[in-house]
Amino acid sequence: MKIEIPTPDDWHVHLRDDAMLDAVVGYTARRFRYAMVMPNLAAPITSSTDAAAYRDRIVAAAPADAPDFRPVMTLYCSPLVDLDDLRRGVAEGVVKAVKYYPAGATTNSEAGGASMSDFLDLFETLAELDVRLLVHAESTDPAIDIFDREAAFIERELIPVSDRLPELGITLEHVSTRAGVAFVDERSQAAATVTPHHLAQERSDLLADGMRPDLYCKPVINSADDRDALIAAATSGRADFFLGTDSAPHPTTAKYGPKAKAGVFNAAYGLEVVAEVFHQAGALENLAAFTSTNGASVYDVEASTNSVTLERTEIDADVATTFTTKAGDEVVLFGADVATRWRVTND
Ligand SMILES: [Zn+2]
């Protein structure tokens with residue numbers, strides 16, 4: 001079993017900063033071309049100057065043997081974003097998108113919004129500039145069950161804004177439920193990224209046989225029925241679903257404790273995990289659409305003219321299961337069990 005696809009893009013990734021950036025950027029840079037870099041650093045990226053400086057740090061940290069790598073930057077939707085600066089950042093090619101986080105929903109989201117309706121001016125500007133709004137769709141209402149929070153956010157926050165601004169391009173990030181898929185189904189303005197872990201796992205994997213902190217992420221991995229809806233959408237070849245790994249490294253010291261941090265580090269083997277899902281679904285002919293061409297077309301760039309070859313083997317290869325940063329932090333690599341069966345080569 002062997003398949004060649006255009007070099008994939010990762011339309012949602014957390015590269016962090018400092019020693020963690022140094023340790024993770026090579027995994028993304030050697031595997032992917034475009035990388036849509038999330039702005040939720042400890043001090044969120046809210047200006048084009050911040051974004052340009054962060055891009056420079058990423059490029060400086062990237063390995064020399066990854067010439068195709070193109071980090072593209074996002075601003076963090078907050079009252080600190082100045083609309084003139086946003087226009088300038090877009091015109092200069094520094095800012096590719098803006099990311100909305102509900103305050104408190106996930107890692108470093110404290111600066112996020114209480115409600116999307118507080119940012120209509122900013123969203124109107126995005127629509128006018130033809131720049132997409134990336135949305136972490138998860139209610140933070142403590143009265144809502146954790147597994148119902150994506151659906152609740154879509155109903156209460158996302159649908160009203162989408163109705164009000166039908167010309168605003170919206171990417172529903174890391175879609176995790178059937179309700180999320182339905183939102184994209186119903187609206188031509190919407191598309192969605194899907195992560196390797198939401199495609200490959202369901203909540204019983206997370207909770208049934210010993211709680212697994214390495215699978216804990218936000219939005220939380222949901223039911224088998226939800227996962228099946230994601231697989232159906234992703235493997236169908238349809239143009240509005242594409243890969244965003246949401247690769248998000250946390251040290252084991254933050255993962256294995258009384259309160260695990262949310263995030264899965266899958267930059268290393270996410271492509272293998274996705275290939276295995278498509279293989280199991282009998283849909284490898286649609287893999288390139290999901291990993292390499294749909295997202296490019298949504299973000300108005302050409303698909304890569306370079307390619308990678310994925311080969312499924314019957315021999316289990318030895319693969320790394322962790323890495324350690326220069327600061328001494330150990331991070332677990334998601335998908336190592338699947339990566340033993342796939343060989344990926346850049347052509
Ligand atoms: Zn994310």
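Which residue follows α4, and is its phi positive or negative? The residue that follows α4 is D130, and its phi is positive, near 60°. This is a predicted model, in which local features need pLDDT of at least 70 and side-chain atom pairs count only at pLDDT 80 or more, while totals for chains, interfaces and linings use all residues. Residues are numbered from 1 along each chain as its sequence is written, and side-chain values use heavy atoms, with hydrogens and water left out.

**Zinc site**
- The zinc ion has H12 (NE2), H14 (NE2) and D246 (OD) as its protein donors, which lie 2.0 to 2.1 Å from it; donors are N, O and S atoms within 2.8 Å of the metal (3.2 Å for Na, K and Ca), and sites may look incomplete because water is not among the atoms.
- H12 lies in strand β2 (residues 10–13) and D246 in the loop between β9 (241–243) and α10 (252–255), so the pair ties together parts that are 234 residues apart in sequence.
- Helices (H or I, at least four residues) and strands (E, at least two) are DSSP runs, numbered from the N terminus.
- Both H12 and D246 are buried, meaning under 20% relative accessible area with a 1.4 Å probe, protein chains only.

- V131, in the loop between α4 and β6, counts as buried because its relative accessibility is 6%.
- Leaving aside residues up to four places away in sequence, V131 touches V90, K96, A97, V98, L126, L168 and G169, where contact means heavy atoms within 4.5 Å.
- V131 and G169 are 38 residues apart in sequence, with 7.0 Å between them in space, C-alpha to C-alpha.

Conventions: Buried < 20%, exposed > 50% of the residue type's maximum accessible area, 1.4 Å probe, protein only.
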